[in-house]
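Here is a short tour of a protein chain, written for someone who likes cut-offs stated plainly. Have the viewer ready and follow along.

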Amino acid sequence: MIIAVDAMGGDYAPEVVVYGALQALRELDCHIVLVGDSAAVNPYLTDEINRERITVYHCHETVNMDESPVKAYRDKKDSSIRVAFDLLKAGRADAVVSAGNSGATMISGIMASGKIEGVERPALAGIIPGEKGDVIIVDVGGNVDCRPYHLYQFGIMAEAFAVSCLGMKRPAIGLLNVGAEQGKGNDLVKAAHDLFRNSPLNFYGNIEGRDILGGKVQIIVCDGFVGNIVLKLAEGVAESIASRFVSGLPHIIRDIDNKIFIRDFKESLDYAKYGGAPVLGINGVSIVCHGHSSEKAVKNAIRMAYSYVRNKTGELLVNSLSNLG
């Protein structure tokens with residue numbers, strides 16, 4: 001398996017991206033292609049590294065976080081994001097991982113791989129820790145304006161991903177709304193509710209913001225505008241709680257049991273253990289990471305890409321959309 005990694009993407013690239021890729025190689029049986037400026041990447045590759053499992057594919061352009069995704073795709077043909085997807089399109093990579101401009105990553109993935117037949121809008125699936133296990137939120141930024149059928153397709157694709165990559169068994173799907181009662185919400189959500197209710201999916205119904213982490217559902221569907229705010233809010237609250245919790249307990253940290261508890265507590269709130277958000281709905285594998293991803297986050301994003309390919313999640317998405325879409 002070959003995974004192309006955008007070495008120039010992210011706030012701390014290329015150093016953190018390269019070190020995260022090296023960590024992934026220690027745990028996964030794959031080959032990694034670091035796509036980016038070789039002069040910037042090579043200094044972080046030591047002589048001890050097995051060069052049979054990692055290579056550098058040189059390109060001289062990068063896409064900044066504040067650039068227009070469409071303009072960047074059109075004008076920067078030798079950017080690390082676009083070149084990584086060119087490798088995917090040419091069959092020289094099985095997946096792409098990037099912590100760079102998420103819009104440019106989405107567009108490059110769609111242009112290089114195309115959309116799965118029948119998919120109107122590919123979506124980003126974010127993962128956050130809940131009280132009873134992982135919770136998938138879809139969409140988390142790929143589509144800020146949606147139609148009811150888009151939300152329904154998001155649910156179908158998220159279910160396939162949940163079953164294939166996260167090992168969930170018939171996950172419950174909830175529609176994020178301002179109230180739990182049927183008939184609540186705007187026209188978009190009410191129409192989407194009818195589509196889910198009349199489908200064979202395990203649809204729980206509407207859920208409110210306070211129920212996101214409670215375990216009633218494993219998949220939460222919303223448009224990308226709302227989903228991105230929910231994801232960023234959850235991450236910010238988790239970081240704040242972890243910081244306040246640890247700083248407020250200096251008098252018990254000496255106790256070994258408490259040290260273990262605090263460690264496990266912080267890890268349970270750490271976004272880095274999920275790595276990134278897969279792009280659901282394209283004929284290829286693409287994982288979008290946070291711009292401020294750490295080495296651990298990059299490593300786990302590569303792990304997610306690895307699982308996506310190994311478990312043939314793309315094929316399951318195609319079958320699910322064919323049967324339910």
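## The chain as a whole

The chain has 325 residues, and 50% of them count as buried, where buried means under 20% relative accessible area, exposed over 50% and partly exposed in between, with a 1.4 Å probe and protein chains only. There are eleven helices and eleven strands; these are DSSP runs numbered from the N terminus, with helices being H or I of at least four residues and strands E of at least two.

A word on the model: it is predicted, so local features need pLDDT of at least 70 and side-chain atom pairs pLDDT 80 or more, while totals for chains, interfaces and linings use all residues. Residues are numbered from 1 along each chain as its sequence is written, and side-chain values use heavy atoms, leaving out hydrogens and water.

## Helix α1

Helix α1 covers residues 15-27, and its 13 residues reach 19 Å from first C-alpha to last, close to the expected 18 Å (1.5 Å times one less than the number of residues). Its buried residues include Val16, Val17, Val18 and Leu25. The buried residues of α1 pack against β1 (2-6), β2 (31-36), β3 (54-58), α2 (38-41) and α10 (295-310).

## Helices α4 and α5

How do α4 and α5 lie relative to each other, parallel or perpendicular? Helix α4 (residues 80-89) packs on helix α5 (residues 102-113) at about 25°, with 9 Å between the axes. The axes are lines fitted to C-alpha atoms over the stretch in contact, and angles run from 0 to 180 degrees between N-to-C directions. The two helices are therefore roughly parallel, since that label applies to angles under 35 degrees.

On the α4 side, Ile81, Arg82, Phe85, Leu88 and Lys89 meet residues of α5, among them Ala104, Thr105 and Ser108.

## Ser286

Ser286 sits in strand β11 (residues 286-289) and counts as buried because its relative accessibility is 2%. Beyond neighbours within four places in sequence, Ser286 is in contact with Phe85, Val96, Thr105, Ala277, Pro278 and Val279. Phe85 and Thr105 also belong to the α4 and α5 meeting.

## Gln218

Gln218 lies in the loop between β8 (203-207) and β9 (219-221) and is partly exposed, at 24% relative accessible area. The side chain of Gln218 reaches the backbone nitrogen of Ala172 at 2.7 Å. Not counting residues up to four places away, Gln218 also touches Asp134, Val135, Ile136, Met168 and Pro171.

Methods: Contact means heavy atoms within 4.5 Å. A polar contact is a pair of N or O atoms within 3.5 Å; within protein, one must be able to donate a hydrogen and the other to accept it, and residues adjacent in sequence count only if both atoms are side-chain atoms. Angles under 35 degrees count as roughly parallel, over 145 as roughly antiparallel, 65 to 115 as roughly perpendicular and the rest as oblique.
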